[in-house]
Protein chains: 2
Amino acid sequence: MARRLFSFVGGNHGSWKVIRMDTVIGEGLPKVDALGIIEGMLTAPSNGHSWVLRGVTSYARYVHSDERQHLQQLQASLDRPQATCAALIPIKKSAAWWELPQDVRRAIFEEQSHHTAIGIGYMPAIARRLHHGYDLGEPFDFLTWFEYAPEDAPAFERLTQALRAAEEWRYVEREIDIRLIKY
Amino acid sequence: MARRLFSFVGGNHGSWKVIRMDTVIGEGLPKVDALGIIEGMLTAPSNGHSWVLRGVTSYARYVHSDERQHLQQLQASLDRPQATCAALIPIKKSAAWWELPQDVRRAIFEEQSHHTAIGIGYMPAIARRLHHGYDLGEPFDFLTWFEYAPEDAPAFERLTQALRAAEEWRYVEREIDIRLIKY
């Protein structure tokens, strides 16, 4: 398996402390105290772990050339010392979403919902890494990992609210919002 | 893992007899006499098997609404009694391909290479199922499985030649062409 695969492990230990865990829509996940991130495949929860979610970084499905240029200019990397706040947002979209043709999905994603444009507005304060689970047969299609400084926490609230208010979010059938701080 | 996952097993037994196995570009695969198709994950070659290639059926990455409508009207299903010929074509594309933005990949795929339009021209004679391996970390990004009747074999040659002559194929860095007949 490629080194693009990450396992997010919820349990009683890990390098991030869970400070809030909300079920936004659909079935929840067992509450945990801590989260660890492991590069590679962890096949099952082990001692002290409650659940494992897996995802793989991949090519962007909707970003066009001009948007990519903006993203590359503005996006921050993970692991900045001041970015002691994080969020893991696992999302599953509906079968109706996945059955849409590419042009319709793209139009909902960007022309109607402005997903990339909204995200760019919060860069470089909020760093992000997207992991895909759909082709892995995982319970969540996307695991998005965000890192930001404590003073950018209000901006992060505005970002998640803007994305959840968009047309695209009508196709989300399961979403958990996990907030964390660095131990 | 979803039931969308298929394992193609090369070895000395299976329901398809290998009649030709050509390396089109890049590293080859060990020659085998037979191929089996297993629904689900086969993690490693077992007794009498030489290799296992895995892929998952998924949503279409490039097909637009109008093309989808054509595809749905014309495409044949697998397992037709007269379709005793088959081909498995594993393909890996270059890193340069995967780094292109979506709009550029789409333009190369369809507006320049007419991938879907060419394929539609050979429907319903040639049935097809595409399996994705990129997000699984598999050695091949795509495993395309084709089924057709013996009298359509010349048409299948024209189809593969047309696709290999297209701009999109400049991004293919490994391709094996395996031809089979039903046992």
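## Close-up views of a predicted two-chain model

**View 1. One side of helix H3 in chain A faces inward.** In helix H3 (residues 102-112) of chain A, the buried residues are A:Gln102, A:Arg105, A:Arg106, A:Ile108 and A:Phe109. Because these residues fall within an arc of 160 degrees when seen down the axis of H3(A), they line one face of the helix; the arc is that of the directions from the helix axis to the C-beta atoms. Here a residue is buried if 20 or more other C-beta atoms lie within 10 Å of its own, exposed if 12 or fewer, and partly exposed in between, with C-beta atoms placed from the backbone. Helices (H or I, at least four residues) and strands (E, at least two) are DSSP runs, numbered from the N terminus.

A note before moving on: this is a predicted model, in which local features need pLDDT of at least 70, side-chain atom pairs count only at pLDDT 80 or more, and totals for chains, interfaces and linings use all residues. Residues are numbered from 1 along each chain as its sequence is written, while chains are lettered from A and ligands numbered from 1 in the order in which they are written.

**View 2. The surroundings of H3(A).** The buried residues of H3(A) pack against helix H2 (95-99) and helix H4 (115-120) of chain A. Exposed residues A:Glu111 and A:Gln112 sit on the face turned away from that buried side. Look just after H3(A) for A:His114, which takes a positive phi of about 55 degrees.

**View 3. Strand E7 of chain A and its partners.** Five of the seven residues of E7 (residues 142-148) are buried, leaving this strand mostly covered. Strand E5 (residues 85-93) pairs with E7(A) in the antiparallel sense over seven bridges, and strand E6 (residues 127-132) runs antiparallel to E7(A), joined by six bridges. Strands count as paired if DSSP finds at least two bridges between them. In E7(A), A:Glu147 is the bridge partner of A:Ala86, and A:Thr144 stands opposite A:Leu130.

**View 4. A:Ala86 in the nonpolar core.** A:Ala86 and A:Leu88 have the most contacts inside the largest nonpolar core, which has 53 residues. Such a core is a set of buried Ala, Val, Leu, Ile, Met, Phe, Trp, Tyr and Cys residues joined through C-beta atoms within 7 Å. Leaving aside neighbours within four places in sequence, A:Ala86 is in contact with A:Trp16, A:Trp145, A:Phe146, A:Glu147 and A:Leu180; contact means C-beta atoms, placed from the backbone, within 7 Å.

Key
Two residues are in contact if their C-beta atoms, placed from the backbone, lie within 7 Å.
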